[in-house]
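Please read these notes with the model open beside you.

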Amino acid sequence: MKSYYPIRLLTLLALLLGPAALAQTANVSGTVTDADTSEPLPGVNIRVQATQVGTITGVDGQYELALPAGNRTLVFTFVGYRTQEVEVPSGQATLNVQMREDLLGLDEVVVTGLASSVKRQNLANSVETISARELSGTTTNQTLDGALSGKITGGVISSYTGAPGGGISVKLRGINTINGESQPLFVVDGVIASNASIQNGINAVTQAAAGGNASSQDNPVNRIADLNPEDIESIEILKGSSAAAIYGSRASNGVVIITTKKGQAGSGLGVSFSQSLGFTTLAKKLGSPDYTLDQALSIYAPDAADDATPDEIEAAQAQKDFVTNLFNTNGKIDLEDQLYGNKGVLSTTNLSVSGGSERTQFYLSGQVKDDGGIIENTGYEKQSIRANVAHRISRIVNMDITTNYVRSEARRGITGNDNTGTSYGVALAFTPNFVDLTPDAEGNYPDNPFNSSNPLQTRDLSDIGETTNRFITSGRVGLDIYQTETQGLKLVAEAGADFFDLESNLYFPEILQFEPGDGQAGTAVLGKTANLNYNWRGSLVHSYSLPESEVFFTTQGGFTGANEDRNTQVTVAQGLIGGQQNVDQANSVNTNQTRLFRQDRALYVQEEINWADRVIGTVGVRGDRSSLNGEPDKYYAFPKASLALNVAEFDFWTVSQVDQFKLRAAYGETGNTAPFGSRYTTFGPLAISGITGITINPQRGFADVTPERAREIEGGVDVSALDGKVNVELTGYVKTITDLLLTRQVPASTGFNFETFNGGELRNVGFEAGLTLLPVNNARFRWTSRTSFWTNSAEVTRLDVPAFAALGGGFGATLGLIQIEEGKSPTQIVGIDDTNGDGEADGTFALGDASPDFQMSFYNDFQFAKRLTLTVFGHWKKGGDNINLSELLTDLGGTSPDYFDDDDGDGVNNATERVNALGVSARQFVQDASYFKLRELGLYYDIPTEYLGSAVGQTVRQLRLGFSANNLFTITPYKSYDPEVNNFADQPVASGVEVTPFPTSRSFLFHVSVGL
Amino acid sequence: MLNTMMNFLLTTRRGVATLLLAALVAAPGCDLFEPNNPVDPNGPSLDGILLDATQSQIANLAVGTEAQARVDLNIYFNDVSVIGREYWRFSSADPRLTGDLLGKSTSILDNNSFYTTRPWAARYAAVRNACTMLQALDVTTADLSDAEKAAARGFANTWIAYELLMNSNLTHENGIRIDVCPLDQVAPFVTGRRAVLDRLAQMLDDADGLLGQNAGGDFFFPTSINVDGATDDSGIDDFRQFNRAIAARIDAYRQDWQGVLDALGGSFINEGGSLTAGAYHLFSTGGGDLTNPVFLNPQNSAGDAIIVHPSFISDAEEGDTRVAEKAALRVNADGTPNPASLDDLSGSYGFAVYDSPTAPIPIIRNAELILLRAEANIQLGNLDTAVADLNRIRSAAGLDDYSGDVSQGALIDELLYQRRYELYGEGHRWIDARRYGRLGTLPIDRPEDDVWTQFPIPANENV
C-alpha cells in the first residue's frame, strides 16, 4: 500500500466525530396527499429550507418535524411530483400538503457529482433524462439499446443490424474519437457495466475479413443489451465533457447512468404482472425481377464466345438447357419470403414485487423473454431476475444492494459480408428466383447452382448461437457522520461488479453445400469470453448552509478505482467427424486466446455553491491514472466549472407567466484512454508444418501513449412558462478533442501496418433544442408532448498524418469509403469518380457524408378520461449517407428488383449501367439514408377496477390492456431494407456501410398488465 | 458481547467508521489506489527480443519468418495468375477479382485495394521478422558460435531477398523499398526493375557467403527448406542450394545468362531427378498453422471458385498430360458438364494444381531450374544443350522430343510454352510474358479488358 492519504483523511474525520445536538423549538405535523387522487403519499421528503433538518412521510402520508428557530419554510420533494415550498404560518402546528404529479419531469433530480445530485432547475448542463415511461412504457423493445433509439437529444443512435439481440452504436454529441473507444460509459447503479461487442468467430466460415477490409464483421451483440428495460427507473445521459468531467478519463463519449427501480418507503406490497405477446415480420420487401426466359438466359447462360472451342460451345449449350429447364419448371419463387418471411412470435413476461417499510425497501423482478426472428432458426431469449434492497440500518447508516442475474441467448444466423458465398444475403443476391432451394421429401437440400451455398440449407441445418450468463451486483453504504442544523458530513462507500460469461457455439455440418469448399467439411466454432468489471468508490460529502444569506456549500471528494479483466478464447475446428459438434472431433483445430487488462484509479474533489437557487456554481477536478497509459503512474487532470443563473428567482423578475428563466454555462474536460495494447509491439504465434514460430503483429506499439482529451464549453437557456406547461431548453456547445488516438497506417514496408499515436484535433459544434408542452391537462383529456431537435457538425481541424480510411469505413475507394482528412468532416465519404465524363475514374473525390444534417424526435402522449392512453414516438433523421453495397451484389448476381428497368431511358438497363460504373465511380453506392420512422406506438386502456366485482376489485389495483407496434413504418429514399445499418457493427467514426444485412423487422404486440 | 459489538458497529458513528475503514484496509492487495504496469499478456514483445533474445526466441523468429512467408500468398497468386490469364478467380463477394484485375471496362488497379496492399504488407512483415532476427543475433548473449550466427544471418538475408523479389514481381518498374531493416525508418524507394534485381542478387550472394561460413553444419533451428528430400531438416548446405536457385531465377530476370548457369551450379538442379524436388511452402491442418490458401475444390460453385482460363485447355499441345493434371473438368453429380459463369466469363475447368488443403506450394523446384538452364543456354546460343533440357521436360509431360526449328526465336517460344504448362499456376506466366515483351499476346476475355504490366505502389507508402 503506497498511498495512504485518503485513508488518513477518513481517519482524521472519524476522530472528529462527536454527538450532535439539534436545537429544537417547535413541532409541525401533517399529511401529504396526491392532488388528483387524494391518496396519501408515503416516502415524501420534507426539509426545512436552507438547513439540513428533514424527515420523510410514513405509510399514511403523515410526518412530524421539529422546526428550528426562525425558519418556517418547508420544502416537499417526492420522485415524480412537483417540488413545493410551503411556509408554516406562525403558531400553526399542522400543515397538510397536496402534491401534483410532475408530468414533464421539471423537478427531477440529476446526478452531477459522483456522490451528489442537483435539481434539474439548478443544473448548468443539458442532461438528458429518460424515464421508465419513455423508455419502456410505450412498447416492449427487445433490448435496452433498442429502447434508446431516437430518444437521446444530441445522440446519433444507430442500430447496425436487424438481427435478434440487437446491436447499436451510440455516439453522443458528434464524433469524439477516431480510433479509440467510442461507446459511452455505462454505469448501472454505480457499477461500470460492460458494453463490449465480442465477435462470435463466424469469420471462420464467412471469411469476411479476408478480403478488402480486415476488420471483424461478425455482427456482434453489444452487451448492454442484456439489461432488462423494465427494471429501469430512469436513465440520465451526461452527453458532453462539461457534464461528464467528473467521470474523467473514460467519459469522452459521454456517460449513461442507469438507475434501477427501488421499492418505496412505506408503500406497502405491490405486485405487478405483465405479459406481452405479438409477432415480428419483415418491415420492407425488396423483391426480385420478373425475368423473361431470354433475360434469364442472358444473365445465367451467356452465349459461347465466337472463338469458343467445341467443349466450350457444348458447355454453353448445356448451361442454356439447364437454365431453361429451371425457368420453365419453377416459375417465379419468392426466395425473399422463403428466407426472411418468418413471423417470429414475441413473448415477454414480467413479474415484479416491490414494497417497503420506512427502514427497508425492496424491488424484486423477473423477466422471461422468448422472441423469434424473421428468419427461421433465429431469435432471442432472455431470463432475468433482480433483487434490489435498501435498508436503513440505524439512524445514521443506510445501505443499498442491487443484484441482477441475466441469461440471454441470441441466434442471429449468418448475415452481412462474406467472401465465401455463405451469408444468407449474399446467397440470396446470387440466386435467381427460378431456383427452388427447398428440400425434398426426405429433407435433402438441393445444391444451389448459382452460389456456393443454399441459404435455406445453411439456415436450417446450422446451429448458430451465443449464450451469456451475466451477474451484476452493487452495494452502497452511506453514513451520516455529522449533522447539525447548518452542517452535514456524509461518507459514501460503494462497490460493484459486473461479470459475464459469453459462449458462442457455431456448428456447420459437413453436409452443407459450401462446407467441402476448403477441403475440410464441417466447421465448429467455440468461443468463450469471461469478462469481469469491478469498481469501487469512497466519497465524503460535506454540506454547509448559511441560513441568513441563503448560501449552500456542498463539498465532496473521494477516490475511485475500476478494473477490467477479459479473457477470450476462440477455437475453430474444421473437418469434423460426421455429426460431431465438439471442437476436438475435427481434422484441424485452431485456438486463439486474447486477454485484456485495465486498471484505472482516480481522485476527485468538487465544490458546489448555491445562492438561494438563484446562482449555482460548481467547480471540480478529477485526477486519473490508468494502466493503459504509457505512464501508468502519471495523473491526468480533468477540471470542470459551471454556472447557472436562475434569473426568475431574483426579486426584480416580474414576469409572472415565466416560472423559470435560466442562463447557464459550463466547461469541462474528459479523457479517453487508449485501447488496450496500444503500448505494445508484440509477436504472435504462427506454425509451419507443426513447428511454431513467432511473427510480428501488424501493430507498431506506442510506448508513450496518453489519453485523448476533450474540452467542451456548453451554454444554454432554459425557460419554463405558464405554470410549467411550456418548457424550452436550448443548448449550444463546442467540443474540441486533442491528442487524438490516431491509428495511422505506416508504410507497410516497415513490416508494420499501423501504429497508434497521439495527434490531431477534432471539433464538434452542435445545437440542441427541446420543447416540452402540456397543452391540455384536465380530467377528460391530457396531452403531453416533447419535441427535440439536434444537430452536430464535426471537423478534423488538424491531422498530423495524410488522409486515411476510417476503421471499418468501407472496402476501398472503388466502392466508397469513409476517410479522415484534415479540414473535412470526419465522416466524409470519398470514392473514385469520373468528373470529366470520359468514362474513366479521375481520382478520389468527396461523395457524401455519413453524419446527418439534423435529427428530430416527437414524443406525444394522449390520455383520455384517465383511462385510455395513446403514445406515439417518431424520429426523423435528415441527411447522412450510407455506402450501399447490397445493390452491387444483387446487380452482379442478376437479382436486383429493378435489374431490367431503364430509369434514364437510354436503352441500357439499370443494373448494367451500375455494373459498368464499377471501377469508374463509387457515386452509385453513396445513397441518402435520411428517414422518418414511427418507432413506437402504444394504445393502452385501464379497465376500471370497480367493474371487476368487489372481490377482485379490491385486490386488483390496476388492470391494463394494450396494443403496441414497433417500427410501424419508415419513410426513406434509401434503396435497401433499412438506412440504419452497418456491416462493421459499432465503429468510432464509420457507419452505414451495407452488405446484405439482417433485414429490419416490424413488430406488433398485445399487452396485459395487472397490478395487485 | 456480540450484540453489543454489532450495536456499536452499526449504530454509532465511530463504529461504522471503524467498519468502513476495516473494509478498505482489508480490500484485496495493494492496488486499491495504484494501477499496475502490466506486460503484454498476449505475446512476446519486440522490446524484449531486441534487448537480449534467447536462442529459442531467435529460433522462433526463424520459423516465424518461413511461416509468415505464406501469409496472403493466395492474393499474390490471384494477382499474377489472373493478370497472366492462367486462371480466373470467381468470387461473388468480391467483384474486383474479375473486374480490376482483368481491367474490365474502365477499371484500373487501385493502389489502396487489398490485391495491392495485402500481399505487399505480408511480405514486408516476413522481412521485418527476418530483420528482427538479424538484430537479435547482434545483441544476443546466447551461447552461439560466430559460424552459427553467420549461417543464421545468411538464412535471414536469403529470406529477405526472396520476399522482396515477390513484391518486386508485382510492382516491377515501380520499384520497392529495400533497406528496410532499421526500425521506425522508412527506407528509400529503389525504382526500376533492373536496379532492384541487382540489389537482390547482391544480397543473395552475400547471404551465400555467410551460409558458407558454417558449410556442412546445421542451423540451430528447423527450416522448411529441404531441397534434397532427406529427413534432415536443418542442413545449411540444403539451404545454400535454395539460395543459389533463387539467385539463378533473379539472374534470368535480369538477363545475366552466364550468371544463371553459375548460380545453377550451386543449386539443386538435377536433370535426372524428380521435377518436383525443391523448396516449398509447407502447410498443415495442425493448430496455429495455415492451410494452402490457393486450394479450392475445382468443383466449387461459381460464386467462389478458381476457374482455369479456357486458353490453357485450347492452347495445349496434343497429348500434354499436364492439362489433365492441373485442370479438372467441372461436372454435376450426374456427370454432365457444369461450367462456371460469372461476370461475363465462363469456363469448364476447375483449378486442380493442388489436390488438398495441405498440398505444399512450390517456391522453386527442379523443373524451373532445368528450364532456367535451357533458357540461359538458348540466350547464350548453346541451342542443342537447351533442347536436351527442354526434352527432359517434354518427356515428363508425355510429349515427344522437340522437333521444331532449332533457332533462338523458335526455342524461346518452346521454352515459354514449357514454362507456361510446367509451372502453371505457380506464378510465372505473367512475369515471363512481361520480360519477353509478350503481354500483348495474352488473351482478352471481354472487349474492354486490359492486361496490366505492373501494380501501383500501395497508397500507404505515401510515394
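Predicted model: local features only at pLDDT ≥ 70, side-chain atom pairs only at ≥ 80, totals over all residues.

1. Residues are numbered from 1 along each chain as its sequence is written, while chains are lettered from A and ligands numbered from 1 in the order in which they are written.

2. Chain B averages a pLDDT of 92 (the predictor's confidence in each residue, from 0 to 100). In chain B, 94% of the residues score at least 70. Helices here are DSSP runs of H or I, at least four residues, numbered from the N terminus. The model scores ipTM 0.89 and pTM 0.82.

3. Now the interface. In chain B, 98 residues are in contact with 102 residues of chain A (C-beta atoms, placed from the backbone, within 7 Å). The largest share of chain B's side, 11 residues, comes from α6(B).

4. Look next at helix α10 (residues 257-265) of chain B. Its buried residues are B:Val260, B:Ala263 and B:Leu264 (buried: 20 or more other C-beta atoms within 10 Å of a residue's own, placed from the backbone; exposed: 12 or fewer). They fall within an arc of 100° seen down the axis of α10(B), so they line one face. The arc is that of the directions from the helix axis to the C-beta atoms.

5. What do the buried residues of α10(B) pack against? They pack against α9 (236-253) and α13 of chain B. The face turned away from the buried side of α10(B) carries the exposed residues B:Gln258 and B:Gly265.

Conventions:
Contact = placed C-beta atoms within 7 Å. Helix = DSSP H or I, 4+ residues; strand = E, 2+ residues; numbered from the N terminus.
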